[in-house]
Amino acid sequence: MKTKSLVGLKLHHSLVLLSFFFITSCTAQVLESTFSPDRKQIAFITDSLFAGKTIYLINERSKTTKLETKLDVRRVRNLSWSHGGKQLALSISKAELKESLEYQIYVVDLDGIQPPIYLAKGIDPSWSPDGKIIAFVSNSYEDGNWNIYRINTDGSGQFRLTSKLSDIKNPSWSPDGKQLIFSASDSSLVDPGRSEPFIYVVQSDGRTKPKRLIEGSNPVWNLSGSQFAFYNRGRIRVMNIYDKKIITLPEIPGGFPGSLSMTWKPSGSYILVAAAYCIGNKADCARKIYLVKADGSEVPKFLADGGSPGWFQDGKIVFENQGHLYSIHKDGSSLVQLR
């Protein structure tokens, strides 16, 4: 009788542990995802009630691997792939300060063998196309304002690229690595009481001051570097970087979104648009993904509910919705849950 009780107790504990594992795994929410340069893998962050934040990699065959970073990733954000696809840059808040707004940027190898390399204090790390430099945003140096900096991947050569701007967002390298494009506000260039952002470009070598291009936000280069898409006064527009000609794309259904992000198809023919329509507060948002022809010749096509869309090498579109990753064809068919 005692033996049966022990067996029953062990079985009970095993079921409890199995249930715990099942709950922990299945309730993990995908918070952020980013594609490798060759578009064969996705790095993404999950967050669960029991396990906290974890970084995973998933490939085209849906094989998922946990990334061992030797770092406390409970407050990780801003994943960015190296050009060669063998490293990630990420920012982590100081673990000992639960409410700390200070983030530190590290470089980690995907094989987990080499120890992480600390680079700088900041957020939004972005690798140069040649993989030798990382641009980032920080308010931890010099005048205390948020500025764009660059630093070599070995931690040397840090210097500031911007000054006298505020609300800097979305720094992105041009494909040739010679420029960074971003949005920022400048109180001297707008009417009092307004803070409309402008789009700027700055030489990545720091030899010139940032150049203001046009009013707008969310600038994203196409793969050739000849154009960038941006958001301006409720419409998505595309500017030619050489002659400054602008194409205004057809209006996205649903009106003015609370937030918006864009991703070019590598061929440059289409743009994936993720729009969030928020009511009252950001916790109550309807997120929609649209496929938009970059030359404006087609009406935007609704693909799915969700966000963070990107293109796999095989042409499938991957996106996040309700804490899961999905793939779908650009015609809206073959929806598959990946994670």
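The model is predicted: local features need pLDDT of at least 70, side-chain atom pairs count only at pLDDT 80 or more, and totals for chains, interfaces and linings use all residues. Residues are numbered from 1 along each chain as its sequence is written, and side-chain values use heavy atoms, with hydrogens and water left out. The chain contains one helix and 28 strands, where helices (H or I, at least four residues) and strands (E, at least two) are DSSP runs numbered from the N terminus.

**Chain as a whole**

- Of the 339 residues, 45% count as buried; buried means under 20% relative accessible area, exposed over 50%, and partly exposed in between (1.4 Å probe, protein chains only).
- The accessible surface of the chain comes to about 17900 Å², and 52% of this surface belongs to carbon and sulfur atoms; accessible areas come from the Shrake-Rupley method with a 1.4 Å probe, and for residues only the protein chains shown count as cover.
- Among contacts (heavy atoms within 4.5 Å) between residues at least 6 apart in sequence, 34% join residues at least 24 apart.

**Cavity and pocket**

- Both terms rest on a 1 Å grid over the protein atoms alone: a cavity is a set of points where a 1.4 Å probe fits but cannot get out, a pocket is an open set with protein on both sides within 12 Å along at least five of seven lines, and lining residues have an atom within 4 Å of a point.
- Grid points are joined across faces, edges and corners, and a volume is the space filled by probe spheres set on the points.
- One cavity of 30 Å³ or more is found in a search of the whole structure, and the largest cavity holds about 60 Å³ of space.
- The lining of the largest cavity is formed by Tyr231, Gly234, Arg235, Ile236, Pro250, Glu251, Ile252, Gly255, Pro257 and Leu260.
- Six of these lining residues are nonpolar, two polar and two charged; Ala, Val, Leu, Ile, Met, Phe, Trp, Tyr, Cys and Pro count as nonpolar, Asp, Glu, Lys and Arg as charged, and the others, Gly among them, as polar.

**Salt bridges**

- The structure holds seven salt bridges, each a side-chain nitrogen of Lys or Arg within 4 Å of a carboxyl oxygen of Asp or Glu.
- Glu320 pairs with Arg287 in a salt bridge whose closest N and O atoms are 2.8 Å apart. Glu320 lies in strand β26 (residues 317-321) and Arg287 in strand β23 (residues 285-293), so the pair ties together parts that are 33 residues apart in sequence.
- Within this pair, Glu320 is buried at 7% relative accessible area, whereas Arg287 is partly exposed at 28%.
- Lys293 and Glu298 form a salt bridge (3.9 Å, N to O); Lys293 is buried at 18% and Glu298 is partly exposed at 34%.
- Asp167 and Lys169 also meet through their side chains in a salt bridge (3.9 Å, N to O); Asp167 is partly exposed at 44%, as is Lys169 at 43%.

**Val299**

- Val299 is placed in the loop between β23 and β24 (301-305) and is exposed, with a relative accessible area of 68%.
- The C-alpha atoms of Val299 and Glu251 are separated by 8.1 Å, although the two residues are 48 apart along the chain; Glu251 is also one of the residues lining the largest cavity.
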